Amino acid sequence: MDRSSYKIFSPGAIAGLTLSNRLVRSGTWDPSIHNSRQMSEAVLDLYRQVALGGVGLIISGGFPVYRERFPEEEPGLPPRLYADMRIDGLERLPEAVHQARPDCKIIAQLEPGYMESGPSPVVTVFSKDPVRPMTAAEIETLVGCFVTAIMDMQSAGFDGVQLHAAHGGLLSRFLSPLYNQREDAYGGTVEKRVHILRQIATRARQQVGDFPILIKMNGTDDMEGGVDIHNFPALADAVVRAGVDAVEISGSTWDCLFRPEEELGFRPVPAPESHTRIQNPEQQSYYLSYAEQVRLPVPVILVGGNRDIERMEAILQAGRVDFMALCRPLIREPGLPARWKAGLGSKTPECTSCNSCIYALIVHPGQPEPGLVSCICKTDKKMHARAQRWIASWVKKERQAQ
Ligand SMILES: Cc1cc2nc3c(=O)[nH]c(=O)nc-3n(C[C@H](O)[C@H](O)[C@H](O)COP(=O)(O)O)c2cc1C
Ligand code: SF4
């Protein structure tokens, strides 16, 4: 059945940006370009395939704008700033997408990279020791790096940027009442927890005008005392007032993997925002209830387990969500939007949400292309089997190490 008349295949807008349809490729990490600091032809090809496959908008993998030294690096090294990590040939990425399909847009995702410090000295399972609280001067430098990166992405030809403030990363921690216990300008109330975003958006606007600035944020941290379904609506309101043009709703932090499955309501696996075992409708679109709690004056993008095109259409028709985002299904089948639109094959993706692609990036970044994301489950049965063993044992091993 041809689905061209569906709302999901109708144009939508984010700020001044017109999108040809309401399917978004959610941020998907590209470690190879960060290791070499150079855009590679293999990564460009991957993005061309996604563009040709029919999505309205591609959100890139996260580009780090500021990071502290890795544990294996010499102690005492100053943090790396955006300018130290800029990718040579960055502008080739939006150019490749726009040339492949002129009505496909691409937004650059920006995130702090590896950080041992954070908003407050909270002990997290992964830091093991209390996090070192950032000084006001360090936060000022971080804000400056975001602004520089936003300006650079506009000059490079991207259609906008997305601030990655989900999954327990540094911005996500500033937003969270669990991880942010500061009592200065950056914490204490919801308004103060979003102050860092307000500073980034306000300063960036002075330089880039109405260039779209989106955010990906948690509807839930899946941690007691963190962002949850009760405090998320007020937080989302404050985030929008801070100056963002669209909100992508995601969730979770790696710390939650230490909670039992019965409490979490899903299997604790790396990475927790990418649930496995998505079979029946209740397991799909697993952050929908968070989107249903908010009434925002900007578009809402829903990510996480969106699998059945008919169910996705029904969610859009219900009017609380404006765009549907997918990650893993488009790793396996970049041509999925075009296939769905033409009514070919199954109404669900071939992707089984097994998370082997995550293993391949994290544990074996040299396979099969250096740090290039691919569907291991389809292409490398041996690595897929190893990945599934790793996924099954990872949480147990981490718990034992505590
Ligand atoms: C291999 C892989 C890489 C990812 N990289 C990023 C990333 O760079 N930035 C981000 O915000 N989310 C990243 N995610 C999370 C996805 O964007 C998405 O939120 C999550 O997988 C749930 O959506 P899905 O069920 O459609 O896969 C990644 C997920 C996977 C599987
Ligand atoms: S390895 Fe393939 S099937 Fe498994 S989650 Fe990744 S894309 Fe989907």
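**Terms and what they rest on**

Author: In strand 10 (residues 160-165), Gly160 is the residue that Ile107 stands opposite. Keep in mind throughout that this is a predicted model.

Reader: What makes strand 7 and strand 10 a pair?

Author: Two strands count as paired if there are at least two bridges between them. Strand 7 and strand 10 have four bridges, in the parallel sense, so by the definition they pair.

Reader: Which strand does strand 4 (residues 57-64) join, and over how many bridges?

Author: Strand 4 runs parallel to strand 7, and six bridges join them. Within that pairing, Pro64 stands opposite Glu111. In general, strands of a sheet pair through backbone hydrogen bonds, in either a parallel or an antiparallel way.

Reader: How do you know that strand 7 is enclosed?

Author: A residue is buried if 20 or more other C-beta atoms lie within 10 Å of its own. Seven of the seven residues of strand 7 (residues 105-111) are buried, so the strand is largely enclosed by the rest of the structure.

Reader: Which residues of strand 7 point one way, and which the other?

Author: Lys105, Ile107, Gln109 and Glu111 point one way. Ile106, Ala108 and Leu110 point the other way, and the residues on both sides are buried.

Reader: What makes the barrel a barrel?

Author: Eight strands close in the order 3-4-7-10-11-12-13-14, with parallel pairing. From one strand to the next, the twist averages 30°. One of the pairings is between strand 11 (residues 213-218) and strand 12 (residues 246-250), which are parallel and joined by five bridges. There, Leu214 stands opposite Ala246.

Reader: What does Arg48 touch beyond its neighbours in sequence?

Author: Leaving out residues up to four places away in sequence, Arg48 touches Ala96 and Ala100. The C-alpha atoms of Arg48 and Pro94 are separated by 9.8 Å, and these residues are 46 residues apart along the chain.

Reader: Why is Ser285 buried and not partly exposed?

Author: The cut-off for buried is 20 or more. Ser285 has 23 other C-beta atoms within 10 Å, so it is buried. Ser285 lies in the loop between helix 10 and helix 11, and its phi is near 40°, a positive value in a residue other than glycine.

Reader: How is the protein divided into domains, and how far apart are their centres?

Author: The protein is divided into domain 1 (7-353) and domain 2 (354-402). Taken over C-alpha atoms, their centres are separated by 22 Å. The contact takes 22 residues from domain 1 and 19 residues from domain 2. On the side of domain 1 that touches domain 2, helix 1 (31-36), helix 2 (41-52) and helix 13 each supply at least two residues.

Reader: Why is ligand 1 said to lie between the domains?

Author: Domain 1 and domain 2 both give residues to the shell around ligand 1, so the ligand lies between them. The shell has 25 residues, and the closest are Ser26, Gly27, Ser274, Cys327 and Arg328. Helix 15 gives the most, with three residues.

Reader: Which residues come nearest to ligand 2?

Author: Of the 14 residues around ligand 2, Cys351, Cys354, Cys357, Cys375 and Cys377 come nearest. Helix 13 (328-332), helix 15 (356-362) and helix 16 (376-379) are the elements that give two or more residues to this shell. Domain 1 and domain 2 each supply at least three of the shell's residues.

Note on methods. Residues numbered from 1 in each chain as written. Chains lettered and ligands numbered in written order. Predicted model: local features only at pLDDT ≥ 70, side-chain atom pairs only at ≥ 80, totals over all residues. Near = placed C-beta within 6 Å. Domains from an automatic or database assignment. Axes fitted to C-alpha atoms, helices over the stretch in contact; angles between N-to-C directions. Buried ≥ 20, exposed ≤ 12 C-beta atoms within 10 Å, placed from the backbone. Contact = placed C-beta atoms within 7 Å.
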